[in-house]
Amino acid sequence: MAVDLVIDIENTPGALAEVATAISDAGVNIAAATCVGPGERAELHILVPHSEAVKHALAISHVAVTREREVVVVDVEDRPGVLADLTRKIARAEVNLDLVYIATRNRVVFGATDLAALRAVLEPAS
């Protein structure tokens, strides 16, 4: 199960470094991250393999995870058109995405309110 953690941080120099340091000090590798926030606050999304360890490490640093949710992570080939192909497939299934970012090792992270429908579109049948 892949989990996207959202951390609300101050949009100041060093805020991201503080979060990244706390996570690395816990021995957890960040598999993906995106941070958006042109104002005083920024919303940091991270994908980590051990969310409980990250939440604990951040709490010790007085940084809180504001939200967490399950997401779908898809291994992709690194070539032009891959994101277009996947998102067309998702659109044909009438699934509305509300989160997309790129992860390490040629992976794409997708989030949607209807996670079951998103999984049905993207995950191969067992």
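Tutor: In β4, Asp4 has Arg69 as its bridge partner. This is a predicted model, in which local features need pLDDT of at least 70, side-chain atom pairs count only at pLDDT 80 or more, and totals for chains, interfaces and linings use all residues. Residues are numbered from 1 along each chain as its sequence is written, and side-chain values use heavy atoms, without hydrogens and water.

Student: How do you know that strand β1 is joined to strand β4?

Tutor: Strands are DSSP runs (E, at least two residues), numbered from the N terminus, and two strands pair if DSSP finds at least two bridges between them. Six bridges join β1 (residues 2-10) to β4 (residues 65-75), so these antiparallel strands pair. Four bridges join β4 to the antiparallel β6 (residues 107-112), where Val109 is the partner of Val73.

Student: Why does Val72 count as buried?

Tutor: Buried means under 20% relative accessible area (1.4 Å probe, protein chains only). Val72 has 1% relative accessibility and therefore counts as buried. Val72 is found in strand β4.

Student: What makes Val108 a contact of Val72?

Tutor: Contact means heavy atoms within 4.5 Å. Not counting residues up to four places away in sequence, Val72 touches several residues, among them Val108, Phe110 and Leu122. Val72 and Val108 are 36 residues apart in sequence and 8.3 Å apart in space, C-alpha to C-alpha.

Terms used: Buried means under 20% relative accessible area, exposed over 50%, partly exposed in between (1.4 Å probe, protein chains only).
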